[in-house]
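Please read them alongside the coordinates.

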Amino acid sequence: MSSFLVASRFGVLAVNGVRSSSRSMCSIASGSLGGKWKDKEAAQENMYFNKEEEKVLKNLADKLSRHHTPTPEQLEAQASELDGILKKHGVDISESLKDDILAFKYGKHD
């Protein structure tokens, strides 16, 4: 087989026949250029999955906030339940203290 030079954007390659040229191209693809391509693919894949995980976590956070934020009816039921517990133990508290206790229960206390 004869030797010849192949010019490419990667430089000039000395190739021995057709069989050697295919091996040279494979070594280029598996070398630093192939590694860069794999790194780029891995980065794009990580970005995609990070965005998907972000969507899932946002939906979960929204669901938890809806679950943790009581409706006015639920708040009223909780207040009357708290009144019952306090009366059972002979404790009389102000409305503002009761509101603070309920706010504390739902993580809204300042």
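**Notes on the model**

1. Leu 57 counts as exposed, at 55% relative accessibility; buried means under 20% relative accessible area, exposed over 50% and partly exposed in between, with a 1.4 Å probe and protein chains only. Leu 57 lies in helix α2 (residues 32-68); helices are DSSP runs of H or I with at least four residues, numbered from the N terminus.

2. This is a predicted model, in which local features need pLDDT of at least 70, side-chain atom pairs count only at pLDDT 80 or more, and totals for chains, interfaces and linings use all residues. Residues are numbered from 1 along each chain as its sequence is written, and side-chain values use heavy atoms, leaving out hydrogens and water.

3. One aromatic pair is counted, taking rings of Phe, Tyr and Trp (its six-membered ring) with centres within 6.5 Å; planes under 30 degrees apart count as stacked, over 60 as edge-to-face and the rest as tilted. The pair is Tyr 48 with Phe 49, edge-to-face, at 5.1 Å centre to centre and 75° between the planes. Tyr 48 is partly exposed at 46% relative accessible area, and Phe 49 is partly exposed at 44%.

4. For helix α3 (residues 72-88), 17 residues at 1.5 Å a residue should span 24 Å, and the end C-alpha atoms are 24 Å apart, in agreement. The expected span is 1.5 Å times one less than the number of residues.

5. Which residues of α3 are buried? They are Ala 79, Leu 82 and Leu 86. These cover an arc of only 65° around the axis, so they sit on the same side of α3; the arc is that of the directions from the helix axis to the C-beta atoms. Exposed Glu 73, Lys 87 and Lys 88 are on the face of α3 turned away from its buried side.

Technical notes
Helices (H or I, at least four residues) and strands (E, at least two) are DSSP runs, numbered from the N terminus.
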